[in-house]
Amino acid sequence: MGIWEQTGSDVRLDWGAEGVAALGRECAVLVVVDVLSFSTTTDLVVGRGGRVLPVRWRDERGVARARAAGAVIAGEGEFTLRPSSVTDIPPGTLLALPSPNGATLCEAAAATGAHVLAGCLRNASAVAAKAVSLGGPIGLIAAGERWGVNVFGDGETFGPLRPCVEDQVGAGAIAAALAGYGLSVSAEAALAARSVDAEALVNCVSGRELAESGHGGDVAWAARIDVSDAAPVLTEGVLA
């Protein structure tokens with residue numbers, strides 16, 4: 001019996017790159033959940049008819065490949081990792097989105113051979129429906145944060161994983177939607193499903209950090225549940 005793989009459950013949940021490694025051994029679908037901000041920004045871009053090319057954080061070669069593919073690079077103009085920056089992004093835009101958590105995990109998840117989706121609170125039910133259509137088992141990967149990483153600064157430190165409220169809530173919303181299909185859920189996924197509280201995003205550490213940096217509006221965009229029909233699937237390195 002695969003303890004770390006949560007064998008025996010249709011829906012499973014774990015954290016970060018280690019979670020990808022464990023659940024990727026058995027899961028046919030992996031859903032990357034990075035609510036503040038990668039998955040929410042991706043949902044908004046795809047919902048407007050755009051596409052997202054995930055790029056590992058501070059990966060200059062990845063950025064160069066994205067530029068060669070004709071992508072707009074987030075952070076080099078009006079579009080950034082912040083959800084509020086892409087609300088009016090033109091349809092058809094290919095946005096290269098560097099991220100220390102969500103984008104990096106998308107690449108790791110793809111390497112397992114599983115179908116990869118990007119999920120958040122906004123598209124929880126849509127992503128659940130798409131995941132069910134792709135088969136199972138389904139693994140939810142809560143991204144968490146990395147101690148020492150400041151996406152608004154120049155810090156180079158990537159410390160240990162810090163599980164965070166927003167990704168627990170986001171993964172829980174998707175787990176709850178999946179349970180509605182009659183799928184069995186692991187203890188980890190079931191606990192998350194019982195903790196869905198969008199208002200918690202405002203008062204959690206990550207939400208407060210964004211608000212104190214002047215980005216409280218991004219928390220508001222991320223804290224809305226089931227307002228989107230977008231279900232971004234990674235195909236040939238692009239989420240659409």
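The accessible surface of the protein chain comes to about 10200 Å², and 52% of that area belongs to carbon and sulfur atoms; areas come from the Shrake-Rupley method with a 1.4 Å probe, and for residues only the protein chains shown count as cover. This is a predicted model, in which local features need pLDDT of at least 70 and side-chain atom pairs count only at pLDDT 80 or more, while totals for chains, interfaces and linings use all residues. Residues are numbered from 1 along each chain as its sequence is written, and side-chain values use heavy atoms, with hydrogens and water left out.

**Whole chain**

Select the protein chain and show a cartoon. It has ten helices and eleven strands; these are DSSP runs (helices H or I, at least four residues; strands E, at least two), numbered from the N terminus. The C-alpha trace spans about 50 × 35 × 35 Å along its principal axes. A compact globule of 240 residues would have a radius of gyration near 18 Å, and the 16 Å of the protein chain agrees with that. The radius is taken over C-alpha atoms, and the globule rule is 2.2 Å times the number of residues to the power 0.38.

Colour by burial next. Of the 240 residues, 54% are buried (under 20% relative accessible area, with exposed over 50% and partly exposed in between; 1.4 Å probe, protein chains only). Among contacts (heavy atoms within 4.5 Å) between residues at least 6 apart in sequence, 73% join residues at least 24 apart.

Now select the charged side chains. There are 17 positive and 27 negative ones, and the centres of the two sets lie 3 Å apart. Lys and Arg count as positive and Asp and Glu as negative, without His and the chain ends; the charge is placed at NZ of Lys, CZ of Arg, CG of Asp or CD of Glu.

Select residues 29-33, strand E2, where five of five residues are buried. In a regular strand the side chains alternate between the two faces of the sheet. In E2, Val29, Val31 and Val33 point one way, and Leu30 and Val32 the other way.

Val32 has Ala118 as its bridge partner in E6, and Val33 has Gly119. Four of the five residues of E6 are buried.

**Helix H2**

Move to residues 38-47, helix H2, where nine of ten residues are buried. Among them are Phe38, Asp43, Leu44 and Val46. Just after H2, select Gly49, which takes a positive phi of about 85 degrees.

**Ser99**

Go to Ser99 in strand E5, residues 94-99. Ser99 has a relative accessible area of 1%, so it counts as buried. Leaving aside neighbours within four places in sequence, Ser99 is in contact with Asp34, Phe38, Val55, Arg56, Trp57, Leu81 and Thr104. One of these, Phe38, is a buried residue of H2.

**Ala173**

Finish at Ala173 in helix H6, residues 165-179. Ala173 counts as buried because its relative accessibility is 9%. Not counting residues up to four places away in sequence, Ala173 touches Leu121, Ala124 and Val196. For a distance check, pick the C-alpha atoms of Ala173 and Ala189: the two residues are 16 apart in sequence and 9.7 Å apart in space.

Note on methods: Two strands pair if DSSP finds at least two bridges between them.
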